[in-house]
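Hi everyone, thanks for making the time. Let me put the model on the screen and then walk you through a few spots.

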Amino acid sequence: MVAAVSVPSQAQAMLRGRLCDPAFVHSALRSSPDTNYSKLKYLVSSSVSEACNNSVLLLGPRGCGKAAVVDMVLDDLNKEHPDAISVIRLNGMLHSDDNCAMKEIARQLCLEHQLSFSKMASSDDNTEFMIDMLRECGLAHKTILFVLEEFDLFAQGKQRLLYSLLDAMQSLTSQAVVIGVSCRLDADQLLEKRVRSRFSHRKLLFISPSLDDIQRLVEHLLILAKDSGLPEKYITDYNSRLTSIFSDKKFKGCLNSLMDADATTSNILRFLFRAVSYMDMESGFLPIESFLKALSSMQRQPKMDSLQDLSILELYILVCMHRLEDKEQSSYNFTSIMKGLRASFG
């Protein structure tokens, strides 16, 4: 017989699932017209519906949710215009070489439109094929969305890919949108003059959230809905205790400490995942101690942890090695360390 899963275990699994689901994490953005999600969706959807070309850059630090917002917008557009868009994804870490990028674009276009892909085609052939596909898709009222992650890496070298792509979009018959994603705020300044003149200069900045924004995000992620499938009394008690914790000074101090170190969404999610892992499984609730333990575990310094179990002799040896390095002695052996030990003991 399979043992029944306890209510606290179900709640913990549900909360972990939420924290690992980018769509749920950022779903609160859908309700506000001022978010980058709403702005990006309006820009891309209007480009699709009005059959026009466009380009935009999403700029912000790593972990702030740029890729998650792009995925949400693409998912919505796939539902709203299932036969009107085609998505091509490139990453500067993998495809910064122009020849490699052109080949990958050709491969994805062939896969998307059920065409045969030739691995032996030259870079010029792939470029010509991309231009032809832009024209054919434009005539068929289908928009090609190019998502370029690590956009700044495409701006290295001769920038042939960006020029070919943006230049092809100048044609009235083409129908495409370029979405660049980068952690460099000056990514557009890296573009050559000929490329910059073809870029629309639209930018969406992902800034660090405020304390109020973080608290709203935490509530969105941790508060249980009444239709979550758990007992109603448990949900009521759980939400009541959690709400009282949100107004606790210790919890607010915990959030402040977290934001001082790293205020990105990904860091908040790591913190909450650890807090959920420290859930009191006997009561089934998240006490304030869970959040304090989570913060403490994230503030650990590996070097300090590794020194805790060292003996006195081992600590002396490390001190001697450090003194030798201060004297700009980059290499040392046991004999030189022992001389330092003897000098220390007098």
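I'll talk about a pocket, then some salt bridges, then a surface patch.

One thing to keep in mind: this is a predicted model. Let's begin with the second largest pocket, which has a volume of about 200 Å³. Helix 4 (66–80) and strand 4 (176–182) are the elements that give two or more residues to its lining, and helix 4 has the largest share, with three residues. The lining also includes Glu149, Glu150 and Cys183. Sorted by class, we get five nonpolar, three polar and four charged residues there.

Now for charge pairs. How many salt bridges does a search of the whole structure find? The count is 14. Helix 4 comes up again here: aspartate 71 in that helix pairs with arginine 89 in strand 2, 18 residues away, at 2.8 Å from N to O. Aspartate 71 is partly exposed, because its relative accessibility is 31%.

Glutamate 104 and arginine 107 sit three residues apart in helix 6, about one turn, and their closest N and O atoms are 2.8 Å apart. Is glutamate 104 buried or exposed? At 15% relative accessibility, glutamate 104 falls under the 20% cut-off, so we call it buried. Arginine 107, at 35%, is partly exposed.

Last, the surface. Leu307, Ile312, Leu313, Leu315, Tyr316 and Leu318 make a nonpolar patch with about 510 Å² of accessible area together. Helix 17 gives the most to this patch, five residues. Tyrosine 316 belongs to helix 17 and is partly exposed, at 33% relative accessibility.

Notes:
Residues are numbered from 1 along each chain as its sequence is written. This is a predicted model: local features need pLDDT of at least 70, side-chain atom pairs count only at pLDDT 80 or more; totals for chains, interfaces and linings use all residues. Side-chain values use heavy atoms; hydrogens and water are left out. On a 1 Å grid over the protein atoms alone, a cavity is a set of points where a 1.4 Å probe fits but cannot get out, and a pocket is an open set with protein on both sides within 12 Å along at least five of seven lines; lining residues have an atom within 4 Å of a point. Grid points are joined across faces, edges and corners, and a volume is the space filled by probe spheres set on the points. Helices (H or I, at least four residues) and strands (E, at least two) are DSSP runs, numbered from the N terminus. Ala, Val, Leu, Ile, Met, Phe, Trp, Tyr, Cys and Pro count as nonpolar, Asp, Glu, Lys and Arg as charged, and the others, Gly among them, as polar. Patches are made of residues with over 30% relative accessible area and no salt bridge: like charges are joined within 9 Å, nonpolar side chains (Val, Leu, Ile, Met, Phe, Trp, Tyr) within 5 Å. Accessible areas come from the Shrake-Rupley method with a 1.4 Å probe; for residues, only the protein chains shown count as cover. A salt bridge is a side-chain nitrogen of Lys or Arg within 4 Å of a carboxyl oxygen of Asp or Glu. Buried means under 20% relative accessible area, exposed over 50%, partly exposed in between (1.4 Å probe, protein chains only).
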